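Here's a quick briefing on one protein and its ligand. Have a look at the model first, then we'll go topic by topic.

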Amino acid sequence: MSFALDGVGLTHGQGSTALADIRLAAAQGESIALIGPSGAGKTSLLSVLGTAWAAQPQRLRGSVQVLGNDLQALNAHALRGLRARIGTVHQAPPLPARQRVVTSVLAGRLGQWPAWKALASLAYPMDIPGARAALARVELEGKLFARCDQLSGGQLQRAGIARVLYQQPALVLADEPVSALDPALALATIRLLVDDARARDATLVASLHAVDLALGCFARIVGIQAGRIAFDLPADQVSETQLQALYAGEGQQLPALLPLAATPLPMNACR
Ligand SMILES: Nc1ncnc2c1ncn2[C@@H]1O[C@H](COP(=O)(O)OP(=O)(O)OP(=O)(O)O)[C@@H](O)[C@H]1O
């Protein structure tokens, strides 16, 4: 089992309910896409899996098991160990502006290295070939020594993905990981994340607004609406009616012209 949530609720500031009664489990190695309208709770769900609310029982309710750990029962040391096994891809990676790309990529393993090596790597990159290889996988090899504030939004997103590829975590959480990429690069990058997870038997959970990317690349689709799970199905069993209902419920519409434009992806574009 990679993770199991049971009766999970999450409340943000001012008491707004982001998630309610979530029950969701995944076996190790599964690839899951979270879809749903803006504000549905996709980022909140990823943040729960990423242990962001571990020490905040006033916000987080229910049972959360991640990589064999009961979140509520972890001390600070065990929590740090668990977090080193989870990789997060952010929509806008919080990479320090003045940091070199190589250092940002190597930071993916800071939690796995002994303290002396992590500190030394911040001063001088300890594994330049490893960082270069990870960047090459997202076609950013040439930016190895660039500063993060010299990258475009899409390049920054890919540098964040290179960091997780370098980290090799057991659980990858990706929040809108390709939102800044053009359609062809978005497809190639999602394919890379899915293939990498499959090759390492890692679990991948990604939130996506591009429904055709989700249906074409992921085996399992979880639809989120108003903080609850609307459906949880194999990709080839998700119907047009379910998709329409998922997006119509919040007064939004199923994105008719997805980023991949007029021609929807074939169901097995990534498989
Ligand atoms: N920091 C916060 N403080 C208060 N409310 C929040 C906060 N973050 C999220 N929310 C609320 O929680 C709910 C779920 O938000 P969340 O970001 O998880 O949705 P989402 O599905 O990821 O949306 P999007 O697709 O727009 O990124 C929304 O109603 C949102 O307004």
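Helices (H or I, at least four residues) and strands (E, at least two) are DSSP runs, numbered from the N terminus. On that basis the protein has nine helices and 10 strands. Bear in mind that this is a predicted model: local features need pLDDT of at least 70, side-chain atom pairs count only at pLDDT 80 or more, and totals for chains, interfaces and linings use all residues. Residues are numbered from 1 along each chain as its sequence is written.

**Overall build**
- The radius of gyration (taken over C-alpha atoms) is set against the globule rule, 2.2 Å times the number of residues to the power 0.38.
- The protein comes out at 18 Å, close to the 18 Å that the rule gives for 271 residues, so it is as compact as a globular protein of that length.
- Along the principal axes, the C-alpha atoms fill a box of roughly 55 × 45 × 35 Å.
- A residue is buried if 20 or more other C-beta atoms, placed from the backbone, lie within 10 Å of its own; 42% of the 271 residues count as buried.
- Two residues are in contact if their C-beta atoms, placed from the backbone, lie within 7 Å. Of the contacts with a separation of 6 or more, 70% are between residues 24 or more positions apart.

**Nonpolar core**
- A nonpolar core is a set of buried Ala, Val, Leu, Ile, Met, Phe, Trp, Tyr and Cys residues joined through C-beta atoms within 7 Å.
- The largest one has 78 residues, and Val48, Val105, Ala162, Val172 and Ala214 have the most contacts inside it.
- Helix H6 (residues 153-167) is the top contributor to this core, with seven residues.
- Domain 1 (1-85 + 170-271) and domain 2 (93-168) each supply at least three residues to this core; domain bounds come from an automatic or database domain assignment.
- Leaving aside neighbours within four places in sequence, Val172 is in contact with Gly87, Val89, Val164, Leu193, Ala197, Ala202 and Leu204.

**Leucine 5**
- Leu5 is in strand S1 (residues 3-11), and it's buried, with 22 other C-beta atoms within 10 Å.
- Not counting residues up to four places away in sequence, Leu5 touches Ile22, Arg23, Leu24, Val48, Gly62 and Val64.
- Leu5 and Gly62 are 57 residues apart in sequence but 7.5 Å apart in space, C-alpha to C-alpha.

**Around the ligand**
- The residues surrounding the ligand include His12, Ser16, Lys42 and Thr43.
- Helix H1 (residues 42-49) gives the largest share of this shell, three residues.

Definitions and conventions: Near = placed C-beta within 6 Å. Buried ≥ 20, exposed ≤ 12 C-beta atoms within 10 Å, placed from the backbone.
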